[in-house]
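This report describes one protein chain in plain terms. Please keep the sequence and the 3D view open while reading.

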Amino acid sequence: MDLVNGSGPDQTRDARTMWPRQLRPKWLLQNLLPPALLTFFARTWYLCLTDIGPKYIGGTLGRPHLGRLYSAFATVSISTITVLYLRLYFLPSNQSVPPRKPTDHIPHVKTYEYPLGIPKSIVFQNDVPLTRCDRPSCSSRWKPPRTRHCSDCGTCRMGFDHHCAFFANCLTAPYIPIFLLTLLYTPPTVIILLVPIIRPLCERAAEAYNLSRSSPEIISGWYHWTGSWFVAGGPIGRYVGGVVLGWKALDRVDGEEALRMEIGALAAAGLLLAMMTAGLAASSIESILRGDLTVDRERAKSFRRIEAEVHRLARAGKPVPDKMQESLKKLTAQSFFWVPVEFEDGIEFFAQRNGHNGDSLRRGVIVPTLPWEKPYDLGRARNWNLYMGQGYGWTLPWNAWHRISYLKNVILDWPLSPEVEHRLRDEAERIIKSSVQS
Ligand SMILES: [Zn+2]
Ligand SMILES: [Zn+2]
């Protein structure tokens with residue numbers, strides 16, 4: 001593919017950039033979440049292997065074989081998820097950072113000097129040269145197509161998808177298969193591990209709630225205490241607090257180890273994680289199939305929102321603030337491609353008309369995409385195969401692992417939709433011809 005395009009400007013600089021990174025809520029969150037998650041994985045695995053597998057399923061339920069099978073499943077599934085997660089967590093801070101300037105070994109990316117002294121290249125978008133990142137931390141680093149600057153990491157990343165607080169780094173295209181598998185493995189693991197204990201745990205929770213409602217101690221100490229409305233987070237949290245206190249009281253009475261409150265709390269956290277990962281997996285799959293990265297979708301959403309607002313103002317006969325027009329310009333998905341054209345005489349003429357001599361000939365034309373055109377959308381099946389490979393091998397963790405090196409090349413040279421490429425080439429030739437004729 002030797003049409004080349006540039007990546008767009010980043011989102012408007014917002015208030016966040018005025019704060020030191022350590023004071024941003026996201027920074028705190030991303031430093032607390034990973035250790036919390038890893039502790040959760042380790043503790044869950046330990047309890048499955050000690051209390052639930054052998055003691056509860058093997059002992060209380062009298063099914064020792066099933067208990068061993070349960071422990072084995074817990075070990076294989078939790079360790080797989082943990083290893084995949086750690087692969088993302090230990091991504092180096094310079095992952096997917098573009099090289100300072102295009103190097104010769106990058107296929108199809110050729111640099112040209114522009115007459116205005118713009119120190120690069122074929123890559124243009126939105127009518128201004130945006131091939132370089134102007135943030136101080138990037139100091140004019142080259143921005144290949146689909147590169148975005150992450151303000152959380154303070155660097156540009158090729159194939160940027162989103163910055164993820166769960167592993168305190170950016171998700172970029174090469175790691176999407178691993179990310180997706182981590183998301184997809186989690187809900188079934190949680191469900192299978194919960195099957196033997198979910199009913200007794202629910203019954204225990206109900207019992208704990210009833211006890212809290214009949215225990216004079218909990219009634220006066222918790223329910224009659226005004227703070228109960230605030231401490232646990234509002235009216236619903238108040239009931240959760242009641243259940244916790246009742247559960248603790250129950251645990252003191254009968255010491256039923258496999259159904260103790262800690263296990264109930266981990267089960268609840270597991271269910272929450274399963275719901276979150278299932279939702280994220282669904283939206284990631286949809287993005288992959290549409291040929292979008294999360295950042296593309298978010299920007300398109302913002303664009304549509306502002307565009308609707310502009311239309312509304314225009315209909316009402318009110319002035320549209322410059323800031324809004326500015327935002328639309330920044331968020332537009334329209335991009336500009338440099339299209340090389342083999343049309344020797346025409347090029348010569350075109351170049352002369354544009355004040356070039358033969359050496360610095362621009363052998364091509366800059367062509368904008370149409371507003372609805374998606375140059376990187378190859379069609380659902382090909383979009384999927386680009387990330388996940390052919391067949392069903394993608395369901396296996398080591399395949400996602402091996403996919404990284406392939407996708408590392410993709411982010412330097414994204415394949416274009418054949419239809420869009422065709423139209424861009426036709427349009428380039430049309431421009432050249434009309435320029436020659438006039
Ligand atoms: Zn940058
Ligand atoms: Zn980041």
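Alanine 168 is found in the loop between strand 4 and strand 5; helices (H or I, at least four residues) and strands (E, at least two) are DSSP runs, numbered from the N terminus. This is a predicted model, in which local features need pLDDT of at least 70 and side-chain atom pairs count only at pLDDT 80 or more, while totals for chains, interfaces and linings use all residues. Residues are numbered from 1 along each chain as its sequence is written, and chains are lettered from A and ligands numbered from 1 in the order in which they are written.

The chain has 13 helices and 7 strands. Buried residues make up 31% of its 438 residues. A residue is buried if 20 or more other C-beta atoms lie within 10 Å of its own, exposed if 12 or fewer, and partly exposed in between, with C-beta atoms placed from the backbone.

Strand 4 (residues 160-164) is largely enclosed by the rest of the structure, because 4 of its 5 residues are buried. Strand 4 pairs with strand 5 (residues 169-172) in the antiparallel sense over 4 bridges; two strands pair if DSSP finds at least two bridges between them. Cysteine 164 stands opposite asparagine 169 in strand 5. The two strands form a hairpin with 4 residues between them, and alanine 168 lies in the turn.

Most residues other than glycine have a negative phi.

| Residue | Phi | C-beta neighbours within 10 Å | Class |
|---|---|---|---|
| Serine 140 | about 60° | 15 | partly exposed |
| Alanine 168 | near 55° | 21 | buried |

Serine 140 sits in the loop between helix 2 (64-89) and strand 2 (147-150).

How do two of the helices pack? Helix 8 (residues 294-315) and helix 9 (residues 322-331) meet at an angle of about 150°, with axes 9 Å apart. Axes are lines fitted to C-alpha atoms, for helices over the stretch in contact, and angles run from 0 to 180 degrees between N-to-C directions. The angle makes helix 8 roughly antiparallel to helix 9, a term for angles over 145 degrees. Residues that make the contact include Phe303 and Ile306 of helix 8 and Met324 and Leu328 of helix 9; two residues are in contact if their C-beta atoms, placed from the backbone, lie within 7 Å.

Definitions and conventions:
Parallel < 35°, antiparallel > 145°, perpendicular 65-115°, else oblique.
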